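Here is a friendly briefing to read alongside the structure.

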Amino acid sequence: MSPARVISKPTTTLETFPHIHDDPATLPHALDPFTVTTSTGFLPYMTSPTTLPDAFKPLMSLLDRLPVAKGDGKPGLLATYELGPAVEDLPDLTDEIDKLVTADGALDLFSIMAVFRDYSFVASSYLLEPCWKSWCTDPENGYGLGRDVLPKAIARPLYRCGQILDIPPFMSYAASYALFNYTLADPSKGLVYSNLRLVRAFERGLDPRSSEAGFILTHIDMVKDTPGLISGALQVIDTLQQGGSRANVNDGFRAILASMEKIEAGMEDMWSNSKPSEYLSFRVFIFGITSQSMFPNGVVYDGCEDNKPLFFRGESGANDSIIPLLDHLLQIPMPNTPLTKILHEFRAYRPLPHRNFLTHIRDKAEELGVREFALQDTETAILFLRTLNHVRSFRWRHWLFAREYIIRRTPHPTATGGSPIVTWLPNQLSAVMDMMISIYESVLAPCKAQATEGYDGARQKQVEPMMELVRDQKEKLAKEVEKWCKERGV
């Protein structure tokens, strides 16, 4: 990989992120599509292109023929396990990537991201096609082995896009599978769920009613509500940095709470948008290489890195930036475990602007002492605790998804990103529960015992049932994890 694009560390948010308050429609395509703004949040600043420049027609032709069910509903190459031979006809278009430039000669990162998305779909389809065949023809014997060499015509252009965009050359959540993979059926209707469509799919996702489409589009529906999250986090950080009022900090937390209410409402729709019984089928195609039985020796990217085997983590909703933003802002301490190490490794798979923004929030929260400031005042402490509660409820729901969509249905021990399927999510979920209990016991329980004026009946009604639920879920989670670990011999 080439050296990362380096951004210096100015002192203010606006200096660090000069486009944070810009109208997304005015942003040039030389900017990374995931440039963070208070209008688009963590979504790209405009919907991704559905077609590529003419030089990439051979790639588009292959993609049109690729899915199990094509756009016209007829069987595609993956339906008959014929993608492998079809890839042999694909020319190496690596040299065309650096020709994708804007009018002023700068690299067109918007177009390059679309090329990255499309090559990553072909790469994952090619590498995992044998696993798909194994799953379809003999599911009791698992996934078998994937292909361990990615042909030059896919490997080299995918690798080059990754170099330019500073992301690993493999399918990822934001840049490939989800956030840069949607369009609008009717642009005038905007980002309402019924108006969302996929650009690329593996199985039946080109039909918006399918479980594959529902799985991906639910994530987009959630992330569309992140502008308030961005604005609220910035209000907290900037107010503290500028010595502003506590009332402004509290309003920042209220903006975050309002945004998280919407995000979690969208998250809950996953159950109806994507059937648990159908998830394992298209899931085959989003596994990674790292820690997966299908790729015991890694994958050679022919023509890249001296043909040494490479390892990349797979696509995972855990690479979304919503909860990491709150982890950093709220200064949630994670246990020093190998499971937390995986959490840190996932950072590299986020788009560069997301990584830079999250790092900024983490560093500023530590520098300014967000947690310490919040806990010095009862009202702010309750807002802080309620924000933590959204992190808990988000992670709890994620655990329920993992349990019902995956753990109950397959003995495969790892998630698509390569993390242990039973213990990884509880590692982070337990951390936020522990923090909530610690804050309650050290700050709010004494207020209750002493009948402190700021902790009146109305505020107790906000906090006490919440904490009762946390303690109940903590006990329930421990029992569930123990049960599943015993059954799986973990």
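How many helices and strands are there in the protein? The protein has 19 helices and five strands. Please keep in mind that this is a predicted model.

**Overall build**
- A compact globule of 490 residues would have a radius of gyration near 23 Å, and the protein agrees because its own value is 23 Å.
- Taken along the principal axes, the box filled by the C-alpha atoms is roughly 75 × 60 × 45 Å.
- Buried residues make up 57% of the 490 in the protein.
- Among contacts with a separation of 6 or more, 76% are between residues 24 or more positions apart.

**Helix H8**
- H8 covers residues 211-223, and 13 of its 13 residues are buried.
- At 1.5 Å a residue, these 13 residues should span 18 Å; the end C-alpha atoms lie 19 Å apart, which agrees.

**Where H18 meets H19**
- Two packed helices are described by the angle between their axes and the distance between the axes.
- For H18 (residues 424-449) and H19 (residues 457-488), the axes come within 10 Å and cross at roughly 145°.
- This crossing of H18 and H19 is left-handed.
- On the H18 side, the residues in contact include Pro 426, Leu 429, Met 433, Ile 437 and Tyr 440.
- On the H19 side, they include Val 463, Met 467, Val 470, Arg 471 and Leu 477.
- By class, the contact of H18 with H19 has 13 nonpolar, three polar and five charged residues.

Terms used:
Residues numbered from 1 in each chain as written. Predicted model: local features only at pLDDT ≥ 70, side-chain atom pairs only at ≥ 80, totals over all residues. Heavy atoms only, no water. Helix = DSSP H or I, 4+ residues; strand = E, 2+ residues; numbered from the N terminus. Expected span 1.5 Å × (residues − 1). Buried < 20%, exposed > 50% of the residue type's maximum accessible area, 1.4 Å probe, protein only. Axes fitted to C-alpha atoms, helices over the stretch in contact; angles between N-to-C directions. Left-handed = near helix turned anticlockwise from the far one by under 90°. Contact = heavy atoms within 4.5 Å. Nonpolar A, V, L, I, M, F, W, Y, C, P; charged D, E, K, R; others polar. Rg over C-alpha atoms; globule rule 2.2 N^0.38 Å.
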